[in-house]
Amino acid sequence: MDSRVSSSRSSHPYILLRFIKMVETLFEDIFTVTQKDPDGKKFDRVNRIEARSEQFDMFMLLDINTEIYPMRVKEKFMMVLASTLNLDGTPDTGYFIQGNKKSLADKFEYVMHGKLYRISEEGSGKHVKADIFVSFGGLLMQLRGDPSIAANFELDQKLFILIRKV
């Protein structure tokens with residue numbers, strides 16, 4: 001196992017959240033996997049997980065390539081959505097340049113890049129919930145919860161999802 005991964009797993013998740021605050025992120029929270037493949041297994045290397053967040057009580061459905069990043073029910077992970085991986089907050093160029101430049105991805109174990117393709121609201125009054133839908137190259141995410149969180153996002157926005165088990 002890479003020593004960077006094992007040492008980063010031992011650090012406290014809220015300390016890492018403070019580090020992330022140096023970079024502008026759109027959403028971050030600790031989630032617990034509540035269910036795996038709720039509608040049955042559809043693909044060999046992909047699981048759809050249901051998860052619930054601790055701080056904002058958000059519900060998430062997320063497709064994960066479990067061949068490279070296995071996840072189990074009751075496992076906790078930190079999830080961050082960001083528009084750039086650059087630590088100084090500069091916009092992402094869309095090109096990967098290999099080198100020693102530090103990035104937000106260095107503190108995470110699983111990173112995907114995708115596009116927000118739908119934002120919707122359901123319910124009325126104080127029971128209204130907002131949904132954001134993102135496709136990461138065909139792996140889908142639905143994030144549902146407080147409409148004020150959805151206000152941070154725009155249709156067709158490019159996003160990075162960063163995940164790290166805690």
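A salt bridge is counted here when a side-chain nitrogen of Lys or Arg lies within 4 Å of a carboxyl oxygen of Asp or Glu, and by this rule the count comes to eight salt bridges. The model is predicted, so local features need pLDDT of at least 70 and side-chain atom pairs count only at pLDDT 80 or more, while totals for chains, interfaces and linings use all residues. Residues are numbered from 1 along each chain as its sequence is written, and side-chain values use heavy atoms, with hydrogens and water left out.

Begin by selecting Asp-63 and Arg-48, which form a salt bridge whose closest N and O atoms are 2.6 Å apart. Asp-63 sits in strand β3 and Arg-48 in strand β2, 15 residues apart (strands are DSSP runs of E, at least two residues, and helices runs of H or I, at least four, numbered from the N terminus). Asp-63 is buried at 7% relative accessible area, whereas Arg-48 is partly exposed at 29%; buried means under 20%, exposed over 50% and partly exposed in between, with a 1.4 Å probe and protein chains only.

Next, select Glu-67 and Arg-45, a salt bridge with its closest N and O atoms 3.8 Å apart. Glu-67 belongs to the loop between β3 (59–65) and β4 (76–82), and Arg-45 to the loop between β1 (27–36) and β2 (46–53). Both Glu-67 and Arg-45 are exposed.

Finally, select Lys-165 and Glu-75, whose side chains meet in a salt bridge of 3.7 Å, N to O. Because Lys-165 lies in strand β8 (residues 158–165) and Glu-75 in the loop between β3 and β4, this pair ties together parts 90 residues apart in sequence.
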